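User: Hello! I am new to this structure and would like to learn how to read its features one by one. Could you walk me through it?

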Amino acid sequence: MMYFNLHTHRFSNDPEVLELVNQYPDEFDASIPQFSVGIHPWRIVPERLEQDFEVIEVKLSDNKCLAVGECGLDKRIETPMAEQIPVFERQLQLAEKHQKPVVIHCVAAYQETIDIKKKLSISVPMIIHGFSKNTQVAQSLLDNGFYLSFGKYLLRNPELESVFQSVPNDKFFLETDMIDETIRDVYEIAAKYKGISLDALQEITSENYRTVFKLKLSSH
């Protein structure tokens with residue numbers, strides 16, 4: 001079975017891992033086999049927006065582009081929400097148009113993200129990456145049709161164990177983002193928390209991958 005890494009900034013070229021590598025429109029590496037592309041809220045540059053959106057539009061037609069993102073909302077940065085929201089909404093509309101899932105960066109703006117999904121009637125899968133919050137926040141997102149992806153905080157924060165256990169098996173992904181640990185390390189702790197074998201976990205994440213990305217993970 002393969003490992004699937006939902007979100008990483010570093011392509012490892014490991015034959016056993018299928019990686020969804022995060023790409024930015026202004027720093028694009030065409031050699032990466034599977035990628036997501038989007039405007040991160042930290043990287044909103046008003047005078048470059050149209051150019052960035054043009055690149056995204058082109059890349060979304062590429063079969064190697066599996067998702068839009070990471071994009072989203074972040075209340076802890078200086079860019080005002082009034083500037084972030086239109087950029088996020090426009091990317092969601094592109095995801096809907098091209099029928100691609102969305103990898104979401106969300107900091108202290110969960111309710112806003114839920115409201116926008118409803119307002120725009122987004123039907124494509126929306127995945128909150130790097131989830132680190134409590135069971136209540138997780139439940140509210142799950143109730144509204146979101147998927148949750150776990151990585152760094154699963155390794156760093158023992159309190160996340162019960163949150164992860166409460167997430168249904170058909171609603172989660174695993175990732176490394178920017179950490180030095182490998183996706184195998186994340187799978188190991190995830191299997192331990194779920195009380196299942198590594199093989200069983202790989203089967204679950206492969207099935208979720210097939211469902212969300214409409215693609216098949218090859219078995220090795």
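This is a predicted model: local features need pLDDT of at least 70, side-chain atom pairs count only at pLDDT 80 or more; totals for chains, interfaces and linings use all residues.

User: Where does Asn-13 lie?

Analyst: Residues are numbered from 1 along each chain as its sequence is written, and side-chain values use heavy atoms, with hydrogens and water left out. Asn-13 sits in the loop between strand 1 (3–8) and strand 2 (17–23); helices (H or I, at least four residues) and strands (E, at least two) are DSSP runs, numbered from the N terminus. Phi of Asn-13 is near 60 degrees, a positive value in a residue other than glycine.

User: Is Asn-13 buried or exposed?

Analyst: Buried means under 20% relative accessible area, exposed over 50%, and partly exposed in between (1.4 Å probe, protein chains only). With 57%, Asn-13 is exposed. Ala-108 has a positive phi near 60 degrees as well; its loop runs between strand 5 (102–107) and helix 3, and its 33% makes it partly exposed.

User: Which residues does a cis peptide bond join?

Analyst: The bond is between Gly-69 and Glu-70, with omega at about 5 degrees. Glu-70 belongs to strand 4 (residues 65–74).

User: How do I read the packing of two helices, and at what angle do helix 2 and helix 3 pack?

Analyst: Start with the axes: they are lines fitted to C-alpha atoms, for helices over the stretch in contact, and angles run from 0 to 180 degrees between N-to-C directions. Angles under 35 degrees count as roughly parallel, over 145 as roughly antiparallel, 65 to 115 as roughly perpendicular and the rest as oblique. Helix 2 (residues 81–98) and helix 3 (residues 110–119) have axes 11 Å apart and an angle of about 45 degrees, so helix 2 is oblique to helix 3. Contact means heavy atoms within 4.5 Å. Here Met-81, Ile-85, Phe-88, Glu-89 and Leu-92 of helix 2 touch Glu-112, Thr-113, Ile-116 and Lys-119 of helix 3.

User: What is the relative accessibility of Thr-113?

Analyst: Thr-113 is at 0%, which counts as buried. Leaving aside neighbours within four places in sequence, Thr-113 is in contact with Leu-73, Phe-88, Ile-104, Cys-106, Met-126 and Phe-146. Met-126 is 13 residues away in sequence, and the two C-alpha atoms are 10.0 Å apart.

User: At what angle do helix 7 and helix 8 pack?

Analyst: Helix 7 and helix 8 (residues 198–213) meet at about 105 degrees, with axes 9 Å apart. They are therefore roughly perpendicular to each other. Tyr-187, Glu-188, Ala-190 and Ala-191 of helix 7 face Leu-198, Leu-201, Gln-202 and Thr-205 of helix 8 in this contact.

User: How many residues does the largest nonpolar core have?

Analyst: In soluble globular proteins, nonpolar side chains tend to be buried together. A nonpolar core is a set of buried Ala, Val, Leu, Ile, Met, Phe, Trp, Tyr and Cys residues joined through side-chain atoms within 4.5 Å. The largest one here has 71 residues, and those with the most contacts inside it are Phe-150, Leu-174 and Phe-213. Helix 7 (residues 183–194) gives the most to this core, with 7 residues.
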